[in-house]
2 protein chains.
Amino acid sequence: MKIVKTIQEVREQVRTWRTEGLTVGFVPTMGYLHEGHQSLILRADGENDRVVVSIFINPLQFGEKEDIESYPVDLERDREICASAGADLIFHPDSQEMYGRDFCSFVDMDGLTETLCGKSRPGHFRGVCTVVMKLFNIVKPDRAYFGQKDAQQIAVIQRMVRDLNLDLQIVPCETVREADGLAKSSRNVRLNPEERKASNILHEALLLAEKSLDAGVRASDEIERAIRDTIQGEKLARLDYAEIVDLQTLKPVEVIRAPALVAAAVYIGNTRLIDNFIYRN
Amino acid sequence: MKIVKTIQEVREQVRTWRTEGLTVGFVPTMGYLHEGHQSLILRADGENDRVVVSIFINPLQFGEKEDIESYPVDLERDREICASAGADLIFHPDSQEMYGRDFCSFVDMDGLTETLCGKSRPGHFRGVCTVVMKLFNIVKPDRAYFGQKDAQQIAVIQRMVRDLNLDLQIVPCETVREADGLAKSSRNVRLNPEERKASNILHEALLLAEKSLDAGVRASDEIERAIRDTIQGEKLARLDYAEIVDLQTLKPVEVIRAPALVAAAVYIGNTRLIDNFIYRN
């Protein structure tokens with residue numbers, strides 16, 4: 001496994017693979033990898049001849065008051081996880097390599113980015129779309145792998161791929177969870193033991209929503225209220241949003257029809273956590 | 001030479017060429033081709049194994065009050081020009097093929113798009129960047145050819161290619177002119193005989209500016225004023241802008257240093273015409 005820092009090196013490596021007729025899978029990450037990322041790399045390794053992992057904490061997707069400065073880093077561990085999961089190349093550029101002097105081009109999206117996480121993180125999806133477009137153009141993969149925990153990110157990137165005619169396949173992968181159900185996230189490390197315990201409320205609330213759906217409830221306001229009430233029962237939790245939306249358009253639905261996305265975000269202390277599930281029938 | 005209407009057909013043809021190891025040149029147009037386009041196709045033919053020409057009047061780059069409805073069309077003549085100049089494939093999609101239901105992704109640019117033509121055509125360069133990004137992703141050319149008449153368009157597209165890491169080369173090509181110096185444009189056909197005669201004032205004013213530069217004048221306001229005065233001397237002409245800017249950043253310069261772009265736009269009746277030259281030493 002090679003680690004490279006320049007776009008030029010990635011291009012040369014991928015070009016060589018292409019002339020050998022090999023397929024390329026791609027897993028974009030911000031590093032501090034956990035079992036969720038590991039599962040993406042393993043899947044990419046199973047479905048492609050070669051796997052590229054990018055590690056880049058993208059300044060463009062963090063708001064001014066957000067946590068980029070304290071975003072966790074452990075490159076040595078990342079390298080081990082990548083190697084053992086089957087990655088062939090790590091692309092680890094610095095900001096200057098990605099955003100040179102006078103950088104001023106962006107990918108923007110109407111609609112899909114103004115709801116859910118986009119509401120509390122203005123500019124976030126402009127940053128995500130722009131960096132993902134750049135990475136896709138650098139790596140030119142056949143398939144790119146994203147975790148379902150970031151459901152809105154997947155919807156937004158799939159829309160970008162379709163609208164701007166990118167010639168690759170987006171592969172959504174199931175959320176990997178801790179034993180108690182908390183979705184794996186690089187940000188979980190910030191929770192103190194008390195907060196860690198409280199954070200489980202997010203998954204619990206979504207499990208309850210799933211049960212209501214199984215029991216035949218179809219009014220989204222009823223289920224959203226139940227999620228809100230459950231989360232408000234936990235003193236350390238502060239709800240950001242609980243919403244049920246169409247899986248493709250991310251528009252709120254009144255009456256739930258499959259496929260729908262049931263998504264919520266909470267603050268536990270200063271840490272913002274998100275989770276969701278897809279209602280499929 | 002083939003003519004196709006779907007993205008799928010373009011992809012399949014280009015993929016076949018690629019497996020044969022052939023290079024691909026690309027000339028994006030809005031149709032109603034003239035000798036300017038012809039020269040782009042001829043150059044693309046000389047520098048690549050295969051040439052794709054797209055013909056698509058892109059609604060996204062026209063303002064609400066602009067001239068998309070009356071934009072001239074002559075597909076039969078376009079086909080002849082393409083064939084004789086060496087094109088191998090014409091991509092002629094309809095709007096639905098390019099902008100499907102729920103289309104909502106765009107390429108935006110700060111700075112470069114707010115000056116010159118961007119000022120009088122808000123949204124124009126969003127439309128240009130978005131359609132060019134789409135076409136580049138569909139055709140995946142090695143080289144794309146653009147006429148220097150649209151100097152700002154070239155600067156904007158080169159910036160997009162650099163910022164978003166598109167893996168192709170932009171080839172700017174010299175403006176082709178009528179016998180009296182008027183830059184070739186699909187819009188020239190709209191000029192009545194009197195307007196056609198008056199339209200020459202644009203090229204004349206720029207020639208005078210070039211002479212001043214040759215004579216050692218370096219104050220941009222002095223040259224801009226001379227262009228304005230010349231154009232105002234023509235009763236049928238109404239100046240949109242006359243500006244001297246840095247060739248890369250398109251920022252206005254006070255003291256002219258090479259390379260600088262000297263650009264002007266005028267209305268002759270209802271027809272808007274643009275022209276420019278690059279000061280190189």
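Over the ring of which residue does the charged end of Arg77(A) sit?

1. The charged end of Arg77(A) sits over the ring of Tyr32(A), 5.9 Å from its centre. A charge counts as over a ring if NZ of Lys or CZ of Arg is within 6 Å of the ring centre and within 35 degrees of the ring normal. In chain B, Arg126(B) lies over the face of Phe106(B), 4.0 Å from the ring centre.

2. This is a predicted model: local features need pLDDT of at least 70, and side-chain atom pairs count only at pLDDT 80 or more, while totals for chains, interfaces and linings use all residues. Residues are numbered from 1 along each chain as its sequence is written, chains are lettered from A in the order in which they are written, and side-chain values use heavy atoms, without hydrogens and water.

3. Phe26(B) and Phe136(B) pair edge-to-face, at 6.3 Å and 75 degrees. Phe26(B) is in strand 2 and Phe136(B) in helix 6 of chain B, so the pair ties together parts 110 residues apart in sequence. Both Phe26(B) and Phe136(B) are buried (under 20% relative accessible area, 1.4 Å probe, protein chains only).

4. Phe103(B) and Phe106(B) are also edge-to-face, at 5.6 Å and 80 degrees. Both are buried. In chain A, ring pairs link Phe56(A), Tyr99(A), Phe103(A) and Phe106(A) into a cluster.

Notes: Phe/Tyr/Trp six-rings, centres within 6.5 Å; stacked < 30°, edge-to-face > 60°. Helix = DSSP H or I, 4+ residues; strand = E, 2+ residues; numbered from the N terminus. Buried < 20%, exposed > 50% of the residue type's maximum accessible area, 1.4 Å probe, protein only.
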